[in-house]
Amino acid sequence: MWSKSILFMFVAPALLLACASQPQPAPISPLPQRLVLYDWAGYMPQSILDAFAEETGIQVEYAVYADQDEAMAHLRAGDAYDIVVLDNTNVPLAVGEGLLAQLDYENIPNFRYVSSGFRDLAYDPGNTYSIMIQWGTTGLVVRTDRIEEPITSWADLWDPRYAGKIGIWPYPVDMFGITLKSLGYSLNSQDPEELAKAADKLLALRPNVFLIDPTLATGVAHLMDDQTAMIYGWSYDAREAALQLDTTTYVIPREGTILWSDNVTIPVNSPHKAEAEQFINFLLRPDISATMVNELWVASPNEAAWPLIQSDILNNPTVYPANEDLTQGEFYEVISAETERFYQQTWKRFLAAGE
Amino acid sequence: MLGGTFVLTFLAMAIGVTIIMYNVEQTIWREQHTEDARSAARTLTLFLDRARNTLFSVSIQDRDDPGEPTEFMQLLIDQGEGSSGIFELVLVDADGHILGSAFRGHPELSRSLIVPQTVWFQTATAGTDYLSMVQVAQDGLPYLIMATPGRDHGVVAAWIDMRILWQLVGDMSFGRTGQTYIVNDRGRILAHADPSVVLANTSIDPQPEFATFTQAADAEWNGTYRNFWGDRVFGVMIRLSGTPWIAITEVQVAEATRPAQVVLLVMVVSVLVFGMVTRLVTASLLERMLFRPLQQLQAGAEQVGKGHFEQSVDVRGGHEIGQVADAFNAMIARLHDRDSQIASRTASLAAEFSERKRAQIEMEAAQARLQHLVTESRVAIFSAEVEPPYAATYYSPNSLAVFGHSVDELLESPDFWVNHIHPDDRPMIELAIETLPATGVVTMEYRFLHGSGVYRWIHEQMRLFRNENGGHAETIGSCIDITDRKQTEEELSIAHHQALQASRLKSEFLATMSHEIRTPMNGIVGMSELLATTTLNADQQECVDIIEASADALLTIINDVLDLSKIEAGSMDLQPEDFSIEATTEDVADLLAISAHRKGLSLYSHITPTLPAIVHGDPIRLRQVFLNLTGNAIKFTEHGEVGIHMYAPSDTAAEGQETVNVRFEVRDTGPGLSKTEIDRLFVPFTQLDSSHTRKYGGAGLGLAISKRLVELMGGEIGVISQPDQGSTFWFTVPLPVVSRACASSTPSLVGLHVLCAVRNPAECDTVCAYLTAAGVHVTCIAHGDDVIANAQQARRINPQVSALILDMDIQCPDKQAAIREVRRNPQLAHLPLVLLTNLLHRVKADATIDRRGVIQVHRPVHRAQLLQALAGAAYRPPVTPATAIAPAAVDPTVTAAARSENGKAPTILLVEDNLVNQKVAVRQLQKLGYSTAVAANGRKAVETALQGSYALILMDVQMPELDGYEATRIIRAAEHGMTRHVPIVAMTANAMEGDRGICLAAGMDDYLSKPLRIDDLRSMVERWTSLTSSDGPVDAEMVQHGKSGIESDG
């Protein structure tokens, strides 16, 4: 009798434990057949999406937006995308509004291929929400046969010798940035005195320039006309121009370029976060990053991809500028509402001055 | 027995000792471990401090010689030979330019293209130390970046090989299972003895103990928990000072409790051995003292059991045992006596037996009859036990038919019945049977697995029978198969559900459709109205008229369909408010006057003056019913008149009554209705016959809607009619009285004598009734074509007459001539004239007419207007021609309020995303003389509204990005604390109930339903712009004259 109860004292808990630790069947989650990527048009080669589908069985739908405002509007509306490409000014905005999910780096080991210099940047400390996949510069696309001496500086836009022969995009933030840089100030200056000086200088630019229709894909058409000497633009304008005419060149002005970057993010309401991370990891694979560069002629921060990039792209300063051309470069930061208002007011005066 | 007690006592002691030992052991062990953890944290802090010191020493170097810092940094790196983990040092200035750098292996930091954009630079240049996350380089090397502020806002940064730190952490082991690792404040593991843990970007963040610790401000925490790897551990968390890092040291609890477990085992084994020995010793003692005497007693008892009462027991034993034996012997003696008594009674019982036998035979016959009933009926009878599993004790033979199992099967096992009940029904059954003791009877319906293998529905009634002691004996019940009935019920329920679903879908569909149709209709209605105001030739004008008429008809149908679907879906809510029933009715009459007059019909309204002035009800819905009934009357009447009567039947209109039962009648001289036609009148989509449809149009919904609305308001509706006798449509509604006082404070006309010459007798009655109620003496005279003759006649009849009311109706060919005549007549010239005119045939101003003392009142006559006009004509000084003509100087289509003093129109902000609607509204507003600013969405609306000053904002509610409600809320929030309040009027395409409430709740002031009618728009804009403009309505005087004065040519 007593020996039985002793036995029970030891055996019963053991039995209970044994019952409790029986393995539970793993929950079955069906693989999603489709991820939705939301990006600029023409910035994601279809071959990459196909390759991903072939490897994983996951289709990627490529939804395009016209501009970042549209992308942000859809994000704010809570539309379900799985991967959204945002530029460096909109990443912190989206983070601040709680629109983005934290990336789980256990699923993105290929992040290690991103060059250390392109990680942990101020617009997303610790890469908590975003990973840069493309970057580039802003510069001057110049008709070498229509200038009198080499163009090296943003200040050359004000050269009266080229009055009426300079095309600018009607983007007030860019034009303010260029003017601030030409004065040696920071792109993101909030100093009222510097801003006032920049405004005066910007207004003085009006007689020298004409405006490019912003619905044009590139400003190359203007460069092909019979008088334009230069336009401000980006590496893809420069490449397009170079394909059409030998006598064009891309200049990164010595005061410093305006850097831009495109970053992959996952919206907080993505229904397939793990698969989206799998896709991002795929994009960061050196061979895939190299494919992107080779097809799009846009620089990638992926260092391990360099050996796989065509040498004519890697050595092309339009795509991969020399280090010394970048040291003065800056990214846009989020500017205060007050500064933005000042930009807009000045821009109105700028436009009015041309009428 | 005794041995068992000993063993248990010892066992309890053993467990107690073990627990005490365990606790002591644990306390010591925890303290020991906490101390170890602290020392580990100190080591780690020291390592980081050393690195920081290195950076600091770089920052204080003289920087005048650019070579110097580089040289010094190289020295620092080489000296450390990797033990410091620093593989690269860079010195940068406040602009992010690299002033110098040194490295082992290959450069990383100094290669960075965009130093100023990095977090390490921005953090340190702002004056704060920085430690990055663990990063993994391309070659798999783990590193982190440390940066400290340097001189002149410069920065010194180091690239630190994490492997050194990992090694340090890996060396810190405690006992067999102890481990130390470092996490950052978000739980990411930065250093761990197992590098793969770090490289997998492991985060322990979901762990609750960690979350609690990071939220608290404590520097240290310890406790027992299940760690990230699922081990039960005792852990210590310590913040590493000067960093966002936390060192965690953990030891498995199993290791800590091992010594205590060993002690417990030893104790238990020794207790077991001791117990064995004790038992052996005590067993032989007990055999002699206790067991043997007891065996003797047992033998005696067995003898008694066999009936040998004469034999007593001889027991030798202890004192207690002896006592038991004596008691035993006494009991045997008593049993012996009783046995003989029983033997004597047996003889008498035998005599009773034959009597009982007879009774039994009779009972069996009765039972056989019962049995027959039970067997032949469709009901299965059973008896069963009361307690679970309610084992059956009997089933009637016909149970086979009900259950599909033979009686033998049914009785086969006690739980047969329970086991064959549908599992879903079992709890219900058990619950029901539980109530049986309380209720005595239960009835239940359940599914039973029939012998054919399908579940069939059984209806069962069960009654509880008690035995003679009042205990529960058994249950007896009956069962019947009700599967067919259940199926029918279920089908009915499904059909009912489907019908409800279909009805709801229909209503939703209708609401959606009407919404979708309204938006394009806006374009059609708005544009055709605008088109009509342009110069058109006759053909074009006709086309436009047809478009307008068609659009109107379509809109009416849509509205009707929507209303009907809302009523049928039960979603039509009345919106009661205080209102003037007189004004509401007169408005309806005004609205329909033109169409009546166009057809040559006379339309009048007669509202009993004693009706309460203000009542409580839904004026919009009442108006809808008024409009429908009156509109119908006008539509179907070709000649004659349509009269609107409103009164309160005398029995309910008594003073002091809380609710007045208002009766509203429309009397026409139309074709009248037959009995069969009347029966079909109030049915939806029913026109009296197809010829009517062609002739009059409409979907035949109006009366159906009216009927439902009136019923919704608690009233009745009906019609009195005979063919060729005209019709009287009537309805009554009970309306709570708010105020009985007279609505408008009319100027005192008491004592005035007035002559009234009005052709239509009913209208004449109305005028007389209105005037008499106001204290005026009225003399009615027959109205002939000759105004003068009439007037003179009137004058003759009553020489005291001080005013003349004349009918200027269609039959009067030259109204100006008539007035001229009156004025020329010496007897009548001085008399004030009130002319009753039709809107279509107003008397035009003419220089030859002396307008003094002449006032027109247009039909249908409003009581208040009539009294005011009479007062004006009789008492007011003659109006000067200049004022009277003033309105002619103005384009009548331009609203008065649109012009402010400086002649510049106020600007209205139009917020509308749909381009068509935008264009329509802008052109309508232009037409009304307003200038317009346009915002295409809510966000732009907010910007524009806050920058500019607008007299009014017209706000679409459904827009992308930011809808109208939200935009309004933002604007209102921005206005908070300011005196400014821009009126905001919503434009909504979904005229569903509740929209108004939502608009007002969002801070809007009013709302317009799309499609926008230019007239609605005009009155809405006038209303709100006049409220806000500082000088108020432009000229109240002029507006008033414009209404009752003589209109000039133009």
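Me: Which residues of helix α4 (residues 162-171) of chain B are buried?

Reply: M162(B), L165(B), W166(B) and V169(B). Keep in mind that this is a predicted model.

Me: And where do they sit around the axis of α4(B)?

Reply: On the same side of α4(B), because they cover an arc of only 105° around the axis.

Me: Zooming out, how many helices and strands are in chain B?

Reply: Chain B has 31 helices and 33 strands. Of its 1050 residues, 32% count as buried.

Me: What share of the contacts in chain B with a separation of 6 or more comes from residues 24 or more positions apart?

Reply: Such pairs account for 62% of those contacts.

Me: On to the cores. Which residues touch the most other members in the largest nonpolar core?

Reply: I83(A), M146(B), A147(B) and A157(B), out of 115 residues in that core. Helix α1 (residues 2-59) of chain B contributes the largest share, eight residues.

Me: What does M146(B) touch, leaving out residues up to four places away in sequence?

Reply: M146(B) touches A51(B), R52(B), L55(B), Y130(B), L131(B), A157(B), A158(B) and I160(B). A157(B) is also on the list of residues that touch the most other core members.

Me: What lies apart from that core?

Reply: Another core, of 75 residues. V588(B), I607(B), V710(B) and L749(B) are among them.

Me: Now the chain contacts. How many residues of chain B are in contact with chain A?

Reply: 25 residues of chain B, against 24 residues of chain A.

Me: Which elements of chain B each supply at least two residues to that side?

Reply: α1, α3 (119-125) and β4 (135-136) of chain B do. α3(B) gives the most, with three residues.

Me: What is the make-up of that side by class?

Reply: The side of chain B that touches chain A has 10 nonpolar, 12 polar and three charged residues.

Me: Switching to chain A. What is the strand order in the open sheet of five strands?

Reply: β7-β6-β8-β5-β9 (chain A), with mixed pairing. The edge strands are β7 (209-211) and β9 (248-251), and each pairs on one side only. Neighbouring strands are turned by 35° against each other on average, direction ignored.

Me: How many bridges join β6 to β7(A)?

Reply: Three bridges, and the two strands run parallel. β6 of chain A spans residues 166-168.

Me: What stands opposite I168(A) in β7(A)?

Reply: L211(A) does.

Terms used
Residues are numbered from 1 along each chain as its sequence is written. Chains are lettered from A and ligands numbered from 1 in the order in which they are written. This is a predicted model: local features need pLDDT of at least 70, side-chain atom pairs count only at pLDDT 80 or more; totals for chains, interfaces and linings use all residues. Two strands pair if DSSP finds at least two bridges between them. Helices (H or I, at least four residues) and strands (E, at least two) are DSSP runs, numbered from the N terminus. Axes are lines fitted to C-alpha atoms, for helices over the stretch in contact, and angles run from 0 to 180 degrees between N-to-C directions. A nonpolar core is a set of buried Ala, Val, Leu, Ile, Met, Phe, Trp, Tyr and Cys residues joined through C-beta atoms within 7 Å. A residue is buried if 20 or more other C-beta atoms lie within 10 Å of its own, exposed if 12 or fewer, and partly exposed in between; C-beta atoms are placed from the backbone. Two residues are in contact if their C-beta atoms, placed from the backbone, lie within 7 Å. Ala, Val, Leu, Ile, Met, Phe, Trp, Tyr, Cys and Pro count as nonpolar, Asp, Glu, Lys and Arg as charged, and the others, Gly among them, as polar. The arc is that of the directions from the helix axis to the C-beta atoms.
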